[in-house]
Amino acid sequence: RDFGIYVVNLFDTFRASRELGMAKHSLAFLLQHYCSVEVNKEYQLADWRIRPLPEELTKYVRGDTHYLLYVYDKMRTDLLALQAKMKDKQNFVASIFSQSKSVCLRVYSKPVVSIEDFV
């Protein structure tokens, strides 16, 4: 949003984990749950504006994103299994994509600050 880009076909793992009733919703939890991988969150709050990215940040982001497609596949399978168990046959996968689309359509607008805001 901040860079004027729009993401298409986003699958929001946070929303999917909530729909699945998971205990936690973080990427670290999902990686542990589906991949038995513990990730190091040491650089989570690093300054990602630095260019070129230092090697340690590059390694960190590779580790964070390496399993995302696998996690997506597993979560989609779990949502389909949940859907099969439900009597109302709600389409959970379509619902997650719809919710994710609404996230993608949000437009960031920089707040306007004036001197009066600090007086």
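Student: Where is Phe11 found?

Tutor: Phe11 is found in the segment before α1. Helices here are DSSP runs of H or I with at least four residues, strands are runs of E with at least two, and both are numbered from the N terminus. The model is predicted, so local features need pLDDT of at least 70 and side-chain atom pairs count only at pLDDT 80 or more, while totals for chains, interfaces and linings use all residues. Residues are numbered from 1 along each chain as its sequence is written, and side-chain values use heavy atoms, with hydrogens and water left out.

Student: Is Phe11 buried or exposed?

Tutor: The label rests on relative accessible area: buried is under 20%, exposed is over 50%, and partly exposed is in between, with a 1.4 Å probe and protein chains only. Phe11 has 12% relative accessibility, so Phe11 counts as buried.

Student: Which residues is Phe11 in contact with, leaving aside neighbours within four places in sequence?

Tutor: Contact means heavy atoms within 4.5 Å. By that rule Phe11 is in contact with Ala16, Tyr72, Met75, Leu79, Ile96, Phe97 and Ser100.

Student: How many residues does the largest nonpolar core have?

Tutor: In soluble globular proteins, nonpolar side chains tend to be buried together. A nonpolar core is a set of buried Ala, Val, Leu, Ile, Met, Phe, Trp, Tyr and Cys residues joined through side-chain atoms within 4.5 Å. The largest one here has 14 residues, and Tyr34, Val71, Met75 and Leu79 have the most contacts inside it. At least two residues of this core come from each of α2 (27-35), α4 (68-85) and α5 (92-104). The largest share, four residues, is supplied by α2.

Student: What is Met75 in contact with, beyond its neighbours within four places in sequence?

Tutor: Met75 is in contact with Phe11, Thr13, Ala16, Ser17, Leu20, Met22, Leu30 and Tyr34, those neighbours being left aside.

Student: Which residues does Gln83 touch, and is Gln83 buried or exposed?

Tutor: Gln83 is placed in helix α4. Its relative accessible area is 18%, so Gln83 is buried. Not counting residues up to four places away in sequence, Gln83 touches Lys89, Gln90, Asn91, Phe92 and Val93.

Student: What volume does the largest pocket have, and which residues line it?

Tutor: The search runs on a 1 Å grid over the protein atoms alone. A cavity is a set of points where a 1.4 Å probe fits but cannot get out; a pocket is an open set with protein on both sides within 12 Å along at least five of seven lines, and lining residues have an atom within 4 Å of a point. Points are joined across faces, edges and corners, and the volume is the space filled by probe spheres set on the points. The largest pocket has a volume of about 150 Å³. Its lining consists of Leu10, Phe11, Asp12, Thr13, Phe14, His25, Ser26 and Leu27. With Ala, Val, Leu, Ile, Met, Phe, Trp, Tyr, Cys and Pro as nonpolar, Asp, Glu, Lys and Arg as charged, and the others, Gly among them, as polar, the lining divides into four nonpolar, three polar and one charged.

Student: Where does Leu27 lie, and what is it in contact with?

Tutor: Leu27 lies in helix α2. Leu27 is partly exposed, with a relative accessible area of 22%. Apart from neighbours within four places in sequence, Leu27 is in contact with Asp64 and Leu68.

Student: How many disulfides are there?

Tutor: A disulfide is a pair of cysteine sulfur atoms within 2.5 Å. The count by this rule is zero. As for accessibility, Cys35 counts as buried at 16%, and Cys104 is buried at 14%.

Student: Which peptide bond is cis?

Tutor: The bond from Arg51 to Pro52 is cis, with omega near -10°. Pro52 is found in the loop between α2 and α3 (55-65).

Student: What is phi of Asn9 and of Ser36?

Tutor: Phi of Asn9 is near 65°, a positive value in a residue other than glycine. Asn9 lies in the segment before α1 (13-19) and is exposed, with a relative accessible area of 66%. Ser36, also not a glycine, has a positive phi near 55°. Ser36 lies in the loop between α2 and α3 and counts as exposed at 61% relative accessibility.
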